[in-house]
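Hi,

Here is the structure I promised to pass on. Have a look at it first, and my notes follow below.

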Amino acid sequence: MGAAVSVDLDSMSLAEQCEAIWEATLAAERADDQERRSQPLVRLWDGHWRLAGLVCSEYRAEFTWIDNDTGTALVEIPLDDPLARWVWRTRARVDAGEGRNIHITCDKAPGSRWSGRLHDHSIERRADGTQVLTLRFVHDFQHLKHYLIWANPFFDASVQIPRVFGPVPGPARWALKLPLFLNVLREQVQQHGWQLPDDPLDPASWLGAVGLDMSQWSVVVAPTSFAEDLAAGTLWATPHSRFKYWHDMARDILEDAELSVRCRRWLEGDPPPWPDAPQLRHGVLVIDIVNTSGYYSDTSNGGNPFDGLARTVAKFSEDFIDSVEEAITDPVIPADYLIPGVRRTQVSTPFAVYFDGPDTGIETSKFTETASTAVQVVTGGSSMPGVVGAPPPDWGGAPTTRTCRRNHLRRGPDGRRSPRRRNSAAPGRRSHRRHPPPPLPRDTARLARSQISRTRT
């Protein structure tokens, strides 16, 4: 973000004022262009988040963000680069106490950071004779996919009563952060019997709780109290889990509530990840859930070139499934837009909304539509025999196989069971003779005989 340029116009004539404003505008544009063309800071870290070196000789570097999913990164460097030799010699790194994992961070102004862990690396000899080391990384969001929501995170694995966690009704951000925080706490503290405050996601109550010293944690959850999320107007949800992964439990809720998960590595020298944050470990993964859409609060979902963007807010219809958009007749302009030099876009009042078309600034775009699959889903549990899937009334019983030891249930024409026949085999000797099947009804036998006679003729 470019710096603000101040011009004293009181002591200038009109021509000098115009010239000064023009020069200040050109200077701001040059600063923006220089900042946009600046080289990203790409760093490699060892398994303990100690700096291994800067990536400066890359042939290719691509970093991808995916909303609420794991992005990937691809970096190609010459094989004779010192960093390439350090990456390739895995045994030497482990013996030196640097760990097996390799992390990467890519910082780009004005403050965006991509961080991830090495997935695989390979050596490639190309046609021109160059040897290239290709590194593939996965975003730190992948770490979030491995968190299992225990039915009872307060007790040992052998004591999981009740067998289902939740449901936890509340605003979606708070309701999703709470089970994640409890399971991160279970992983980091590695002990039981600690005391939790009434609202674990209220940072004001952490000082009075036992075991909430996060200075050595490798993963932390940015706090959002119940009252704060309630005042923000976040859509409510009731997450629950029976030993599901957190990502599987939260995927649909995040999509419905228009929320996004942010996973960012905090490094020494960075500003605190949230106001009044405690002392954190270098390289800790900070997980947060933010609302960058404003769909259910206040944002722009359309407009025209004459009246500008229209401010709307989405509300649920009477069926509580579909949503309708209502226009805001008297919108409020954010106060940040009136401060010179502050050019960040607010969710409620975006500067522009880009739609794909022949006259827009979008260079490339891709739209994917997935066809529907199943139209019917049947679920059920364990029931006693005969409750679910019972045979029809006119069926003479379950089908008999060669391994079945039960006799056929023979029925007469009136539907009554015939008396059982005793096995006439000698004592101590089991009879393997199969009992004849029950007789067919007369209409069925007559129809079968007529079909056979027609076939012979």
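Which helices and strands each supply at least two residues of the lining of the largest pocket? They are α1 (14-36), β6 (112-125), β11 and β12, where helices (H or I, at least four residues) and strands (E, at least two) are DSSP runs numbered from the N terminus.

Before the rest, some housekeeping. This is a predicted model, so local features need pLDDT of at least 70 and side-chain atom pairs count only at pLDDT 80 or more, while totals for chains, interfaces and linings use all residues. Residues are numbered from 1 along each chain as its sequence is written, and side-chain values use heavy atoms, with hydrogens and water left out.

Back to the pocket. A pocket here is an open set of points on a 1 Å grid over the protein atoms alone, with protein on both sides within 12 Å along at least five of seven lines; a cavity is a set where a 1.4 Å probe fits but cannot get out, and lining residues have an atom within 4 Å of a point. The largest pocket holds about 1100 Å³ of space, counted as the space filled by probe spheres set on the points, which are joined across faces, edges and corners. Its lining has 40 residues, with Gly-111, Ser-112, Arg-113, Arg-262 and Arg-264 nearest the centre. β11 gives the most, six residues. By class, the lining splits into 16 nonpolar, nine polar and 15 charged (Ala, Val, Leu, Ile, Met, Phe, Trp, Tyr, Cys and Pro are nonpolar; Asp, Glu, Lys and Arg charged; the others, Gly among them, polar).

There is also one cavity of 30 Å³ or more in the whole structure. The largest cavity has about 50 Å³ of space, and its lining includes Ala-232, Tyr-295 and Tyr-296. That lining has five nonpolar, four polar and no charged residues.

Now the inside. In the largest nonpolar core, of 42 residues, Leu-144, Trp-246 and Val-261 touch the most other members; a core is a set of buried Ala, Val, Leu, Ile, Met, Phe, Trp, Tyr and Cys residues joined through side-chain atoms within 4.5 Å. α5 gives the most to this core, with 11 residues. Of the 18 residues of α5, 17 are buried, so the helix is largely enclosed by the rest of the structure (buried is under 20% relative accessible area, with a 1.4 Å probe and protein chains only).

Cheers

Technical notes. Buried means under 20% relative accessible area, exposed over 50%, partly exposed in between (1.4 Å probe, protein chains only).
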